[in-house]
Amino acid sequence: MKFLTTVAATALILSSANAAFAARAYIGTYTPDPADPRSSNNGGAGIYLVNVDDATGAPSNPKLVAKSLSPTWITLSADHKFLYAVNEVASYGNKSGSITAYAVDGASGALKQLNMVDSGGPIPCYVSVHPSGKFLLVANYTGGSYSVTRIKPDGSLGETTDVVKPGGPMSVYQATDRPVGMAGSKEPHGSRGHMILPDPSGQYVVGADAGRDQIFVWKLDTNTGKLQEVSVTKSVPGAGPRHFAFSPDGKTLYQQQEQDSRLTVYGFAGGKLTQKGASISTLPNGYQGSNTTSELLIDKAGKNLYGANRNHDSIATMAVGAGGGVKLVANTHTEGTIPRSLTIDPTGKFLYSLNQNASNVATFRLGADGIPKFTGKFLALGTPAVMVFLP
Amino acid sequence: MSNRKFLTAAAAIAALLGCASAAQAARAYVGTYTQEPTARSNNHGEGIYLVDIDDATGAPSNPRLVAKMLSPSWIALSPDHKFLYANSEILDYGPDKTGSVTAYVVDQASGGLKPLNTVSSASAGPAYIAVHSSGKFVLVANYHGGSFAVIRVKSDGSLGEATDVVKPEGPLTSPTASDSQPGQFAGSDHRGSHGHMIGMDPSGQYVVGDDAGRDQIFVWKLDTGTGKLSQVSVTKVLPGAAPRHFVFSHDGKRMYQLQEQDSRLQAYNFKDGVLTALGASIFTPPDGYQGSNTTSELLIDNAGKHLYAANRTQDSIATIAIGADGGVTRTANTHTGANNPRSLALDPSGKFLYSLNQGGDNIVTFRIGAAGVPQYAGKVLALGSPAVMVFLPN
């Protein structure tokens with residue numbers, strides 16, 4: 001009898017533990033910044049933790065776990081004990097942006113701030129952790145720079161070990177292959193660091209410069225924290241290379257271009273990019289008018305790419321062929337305007353569109369054909385920007 | 001005339017007719033938001049464009065600028081479509097810092113517009129314009145200035161003096177509606193009155209005005225001698241709901257009111273100039289929608305069986321079926337194909353629907369399919385910051 005009671009009690013504890021470990025994710029949002037009046041309409045307040053229903057994929061119960069200025073990109077350390085967020089502002093220190101380190105409470109999902117440091121330039125918009133675990137990589141959009149910041153053994157952030165700030169002539173403001181009627185920026189501009197990420201082998205670090213239309217490949221010295229340039233690949237002038245994704249084997253890089261809404265495929269070997277075939281549009285045939293792309297994801301199998309179109313407000317499903325070539329197979333309405341990013345859950349069954357201007361997260365199911373189907377599930381959340389699952 | 005000569009002549013006439021027929025293919029005017037020198041704006045239009053419409057596909061093409069002007073965000077034709085009137089949705093016309101209204105002569109053959117004159121709209125930021133069925137007055141709703149104005153139309157089609165300006169006052173209502181969906185961040189300004197639409201009922205006896213700021217619907221009678229509006233009724237809408245655009249059933253017995261802030265549609269019975277709510281309001285985005293949205297345009301089809309409402313931010317066209325009792329049920333939501341639909345237009349045949357996507361800088365064509373639901377026709381026309389589209393009858 002006592003034994004049975006103990007078993008029942010154990011079962012209860014296990015089931016309760018189970019419930020506690022249902023899928024969870026962090027969502028970073030755009031927030032008002034008192035130093036920037038243009039940000040006053042942002043509806044977020046920082047980083048939120050949401051529960052994700054295993055069956056429906058629906059996120060729910062958003063809880064603010066870190067009040068923070070515009071944490072528009074976040075990433076976890078390899079052991080997911082630490083979370084790093086950019087603060088996409090130009091009001092830190094001497095008109096710079098900042099990055100913030102948090103310790104993750106694995107049980108509750110709570111975040112405890114460790115420290116905040118300069119990001120190396122204004123408006124940081126992307127952050128990743130180097131596979132050595134020793135450095136944080138940041139792309140600064142308006143600052144037009146890439147920075148490397150040392151991660152201390154306690155997870156907090158140390159000194160900036162390198163800042164790469166491309167120079168050279170300005171690029172044109174409109175790409176020749178943009179959609180008809182695309183109303184883009186009217187001014188030539190300097191570099192815009194939009195993404196920085198190591199390749200799957202961990203040997204290289206890649207940076208997309210959406211301003212001077214180029215893709216950098218570096219090697220990181222994991223002692224000094226210095227980036228050494230391996231190659232620079234020029235995009236179509238004005239194309240605005242923004243986010244990229246690697247094939248799982250690391251041999252192919254897919255580069256999404258913000259300003260002409262196109263995707264270019266590159267072979268990746270020895271740290272060098274070699275274009276394969278012509279770029280393709282992420283928009284339906286015959287689309288005219290304005291659009292900018294934002295996020296690009298690849299599924300686990302490496303068979304489908306998902307590109308986000310802002311203004312057309314769709315998720316482009318692009319099938320990867322046997323030769324690594326890509327083909328647009330579908331455009332699915334995001335159900336809310338300005339998808340800032342997309343996320344696939346760890347099981348690969350669900351895809352989320354973070355609709356910045358609609359202030360919601362829309363849930364899609366990925367079917368056998370790889371095309372996202374809207375599940376009817378919305379979660380209201382002010383100006384969402386990025387979503388990262390907590391393993 | 002020999003037989004041969006006759007045939008040649010017939011062929012020539014046929015050729016001429018074919019030519020004339022091609023010249024009279026459907027055409028439409030499109031008003032756009034433009035850059036304003038004195039305001040911070042990021043608009044991409046330049047004025048009023050004329051487009052050709054393909055009868056078979058419905059696709060608009062070949063946009064040409066026929067009137068360069070500041071932000072003609074609403075346009076209307078005179079009943080004989082010899083004149084076109086457009087408001088400039090601006091805040092700095094003349095010493096009183098109002099908006100303006102411009103009158104044009106329509107060249108029926110070319111579709112060209114010749115400006116006649118420009119007058120003050122009586123208040124700032126006019127957003128809607130209609131020509132009274134008498135043809136003697138232009139009715140204007142001023143959004144920013146919060147007023148409704150009546151402007152005399154002279155016999156040559158040009159605009160005369162403002163014969164009346166109604167500027168509602170009284171207590172403010174609420175900045176948000178109690179029945180808004182969760183996560184509604186988009187606001188409708190409620191710091192004062194906002195004239196958002198003014199139009200006539202089908203009988204032509206009444207003039208109706210939406211005040212999206214103080215959440216009320218006015219019904220007036222217009223004295224077609226003096227051009228003065230006399231109030232018949234005022235209907236209060238849910239505080240914060242922001243009544244924006246309305247349509248009447250073709251028999252004039254019902255009025256459907258689209259509410260901008262809470263994305264809901266309310267049906268009313270309309271009798272003797274008085275509105276009486278018919279059933280509960282319905283939500284225009286998909287079921288379960290959370291997050292921001294504001295509605296914009298509302299249309300009714302030729303048969304009076306379907307309403308089409310535009311959702312901005314969720315970016316869809318809601319198809320709403322009208323029941324035998326006049327009640328309404330939302331039956332579908334169709335992606336507009338780009339963001340921020342400022343308005344919708346139906347072609348005269350009722351076969352095609354157009355979404356004027358202000359943020360997308362394009363016009364997307366839909367074919368009205370089974371059950372009245374718009375189907376994307378694969379036709380997109382680039383045009384900067386489009387706001388309104390009006391067909392020019394042949």
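Chain A has a radius of gyration of 21 Å, in agreement with the value near 21 Å of a compact globule of 391 residues. The radius is taken over C-alpha atoms, and the globule rule is 2.2 Å times the number of residues to the power 0.38. The model is predicted: local features need pLDDT of at least 70, side-chain atom pairs count only at pLDDT 80 or more, and totals for chains, interfaces and linings use all residues. Residues are numbered from 1 along each chain as its sequence is written, while chains are lettered from A and ligands numbered from 1 in the order in which they are written.

Along its principal axes, the C-alpha trace of chain A spans about 80 × 45 × 45 Å. Chain A holds 1 helix and 29 strands. These elements are DSSP runs numbered from the N terminus (helices H or I, at least four residues; strands E, at least two). Of its 391 residues, 55% count as buried. A residue is buried if 20 or more other C-beta atoms lie within 10 Å of its own, exposed if 12 or fewer, and partly exposed in between, with C-beta atoms placed from the backbone. Among contacts in chain A with a separation of 6 or more, 49% join residues 24 or more positions apart. A contact requires C-beta atoms, placed from the backbone, within 7 Å.

For chain B, the radius of gyration is 21 Å, which agrees with the value near 21 Å for a compact globule of 394 residues. Its C-alpha atoms fill a box of roughly 80 × 50 × 45 Å along the principal axes. The secondary structure of chain B comprises 1 helix and 28 strands. Buried residues make up 55% of the 394. Of the contacts in chain B between residues at least 6 apart in sequence, 50% join residues at least 24 apart.

One open sheet of chain B has 4 strands in the order β24-β25-β26-β27, with antiparallel pairing. β24 (341-346) and β27 (374-382) of chain B stand at the edges; each has a single partner strand, so one side of each lacks a neighbour in the sheet. Neighbouring strands of this sheet are turned by 25 degrees against each other on average, direction ignored. Axes are lines fitted to C-alpha atoms, for helices over the stretch in contact, and angles run from 0 to 180 degrees between N-to-C directions. β24(B) pairs with β25 (residues 352-357) of chain B over 5 bridges, in the antiparallel sense. Pairing requires at least two bridges found by DSSP. B:Ala345 stands opposite B:Tyr354 in β25(B).

The contact between the chains takes 28 residues from chain B and 28 residues from chain A. On the side of chain B that touches chain A, β27(B) gives the largest share, 5 residues. The residues of that side divide into 8 nonpolar, 16 polar and 4 charged. Here Ala, Val, Leu, Ile, Met, Phe, Trp, Tyr, Cys and Pro count as nonpolar, Asp, Glu, Lys and Arg as charged, and the others, Gly among them, as polar.

The largest nonpolar core has 106 residues, and B:Ile151 is among those with the most contacts inside it. Such a core is a set of buried Ala, Val, Leu, Ile, Met, Phe, Trp, Tyr and Cys residues joined through C-beta atoms within 7 Å. Beyond its neighbours within four places in sequence, B:Ile151 has contacts including B:Val101, B:Phe137 and B:Leu159. Apart from this core lies another, of 92 residues, among them A:Tyr84 and A:Met387.

Technical notes: Contact = placed C-beta atoms within 7 Å.
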